[in-house]
Amino acid sequence: MTDAAPKKLHIKTYGCQMNVYDSERMADLLAPLGYALTDRVDDADMVLLNTCHIREKAAEKVYSELGRIARLKHARTARGGSMILGVAGCVAQAEGEEVLRRAPYVDMVFGPQTYHRLPEMVARLHREKGAQLDTDFPEDSKFDHLSAAARVEGSTAFLTVQEGCDKFCTFCVVPYTRGAEFSRPVDQVLAEARRLARSGAREITLLGQNVNAYHGRDADGRETGLGGLIRRLAEIDGIDRLRYTTSYPAEVDDALIAAHRDVPELMPYLHLPVQSGSDRVLKAMNRRHGRAFYLDLVGRLRDARPDLGLSSDFIVGFPGESDADFEDTLRLVREVGYAQAYSFKYSPRPGTPAAAMECQVPEDVKDARLKALQDLLNAQQRAFNESCVGRSMPVLLDRPGRRAGQLAGRSPYMQAVHVDLPGKQAEAWLGRLVDLTIVAAGGNSLRAAAAEPAAGRSPRRIPA
Ligand code: SAH
Ligand code: F3S
């Protein structure tokens, strides 16, 4: 069914970086069928929504977007054209039939485990009518089938090394939507990283729902943890920066802490979700770490890497959370001091144990707690950003800024950094890692100046 005329594919991605990565792979898989990406949904022959089910609001957003696209599809059909509409990702996985019931105009519903079957689904769609549902967990791994076409945006790239989660936190749908933990073999990861580096990636973020549960096998059949994998990746020519997300605190092992101490390519920034500062709540959440364990872990990580910046996820209003429990969370935040963090109101997800718990917290209490927590976290983020003023730090200038002569990039701590550069310097520095002096800080970004008069000087690598 490979028609000669190029067809247009629009993918809208919701949720986490895993979905961003998966959307890129879907585009790669559909390219051989003649689909080229477009930013315009009204212009597309195929529209895919790669969805997120983590909170109720995220799922509802998908249904309202589907309604909007249905009107575009209808208008297109009325003009004699056609549009294939697909729902992918975790809403598809969790709600399957329900998506087709609520949005019967959808042509394909497929979960994260079945992306590699996408070309086959599209081919079948062209042959027969009727919507397709593919949300099984197949025996074969999707990584065996996905083309590893390297796609690098700017100088940064994502690389999925691990999928799935076996932790079953009582609030979370991920173990149900993404399935059991699975690690890609070491050689496959290294090969993909080399390809990314050859395509211009200077920074690679390793992805996994539970990335530090990584235990891939190397060619000799030996298991390698995330710390070992990071050491191997850091040796690849051209890779200057490594990051990984998302981590489960109870599985940060000594080898990973040692990698933070020894590997200069590993950025001093870590997203380490704690969810709550109350032992009682952590237990009800089935987290396998308590408050003291988490604080001790933060201490050991900071001993290994004193300039480590931390980020986290928090949930407020988990069933049964009292004022005292919430105070414990605020105390933990004050004790750790975060560079940045995400916080959410607890959202009951159907089928998870917490949704059936008694003592659900009233919405107005959740609102008040979320505001108090976010005020504190925002103040910490501002303070962290301000503490960067006057410091020199390596910035990966991976994109043009808004104004002519301006470049934008990321600091080691994932802060957005803008710098105005004279003459042709902006052109020369695009895509490079440059030491810059931070001269001003806002809530969400930093402004920098070149560290020294930089004419003729070549940008430096991150100092070891
Ligand atoms: N390790 C995962 C975490 C998945 S969920 C990953 O990042 O890929 C991301 C965050 O969403 C969680 O850390 C949690 O803080 C939040 N979250 C998950 N389920 C939630 C729920 N039912 N209600 C509110 N927040 C939730
Ligand atoms: Fe979800 Fe807990 Fe796993 S938050 S992704 S079940 S570690």
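Predicted model: local features only at pLDDT ≥ 70, side-chain atom pairs only at ≥ 80, totals over all residues.
Colleague: Why is the pair of Phe168 and Tyr176 called edge-to-face?

Modeller: The ring centres of Phe168 and Tyr176 are 5.5 Å apart and the planes stand at 75°, so the pair is edge-to-face. The rule asks for centres within 6.5 Å and, for this class, planes over 60 degrees apart. By that rule the count comes to 6 aromatic pairs.

Colleague: What makes Phe168 and Tyr176 buried, partly exposed or exposed?

Modeller: Phe168 has a relative accessible area of 36%, and Tyr176 has 37%. Buried requires under 20% and exposed over 50%, with partly exposed in between. Phe168 is therefore partly exposed, and Tyr176 is likewise partly exposed.

Colleague: How do you know which class the pair of Phe314 and Tyr338 belongs to?

Modeller: The centres of these two rings are 5.6 Å apart and the planes lie at 85°, so Phe314 and Tyr338 also form an edge-to-face pair. Both Phe314 and Tyr338 are buried.

Colleague: Why can the pair of Phe314 and Tyr338 be said to tie together parts apart in sequence?

Modeller: Phe314 belongs to strand E15 (residues 309–316), while Tyr338 lies in the loop between helix H13 (323–336) and strand E16 (340–345), so the pair ties together parts 24 residues apart in sequence. Ring pairs also link Phe171, Phe318 and Tyr346 into a cluster.

Colleague: What places the charged end of Lys7 over the ring of Tyr35, and at what distance does Arg55 lie over the face of Phe344?

Modeller: The charged end of Lys7 is 5.2 Å from the ring centre of Tyr35, and Arg55 is 3.6 Å from the ring centre of Phe344. The cut-off is 6 Å, together with a limit of 35 degrees from the ring normal.

Colleague: Which residues of helix H5 are buried, and what covers them?

Modeller: In H5 (residues 118–127), the buried residues include Leu118, Met121, Val122, Ala123 and Leu125. Among the elements covering the buried residues of H5 are helix H1 (17–30), strand E2 (35–37) and strand E3 (46–51).

Colleague: How many residues of domain 2 are in contact with domain 4?

Modeller: Domain 2 (150–267) and domain 4 (392–457) come from the domain assignment. Between them, 9 residues of domain 2 are in contact with 10 residues of domain 4, and the domain centres are 27 Å apart.

How values were computed
Residues numbered from 1 in each chain as written. Chains lettered and ligands numbered in written order. Heavy atoms only, no water. Phe/Tyr/Trp six-rings, centres within 6.5 Å; stacked < 30°, edge-to-face > 60°. Buried < 20%, exposed > 50% of the residue type's maximum accessible area, 1.4 Å probe, protein only. Helix = DSSP H or I, 4+ residues; strand = E, 2+ residues; numbered from the N terminus. Domains from an automatic or database assignment. Contact = heavy atoms within 4.5 Å.
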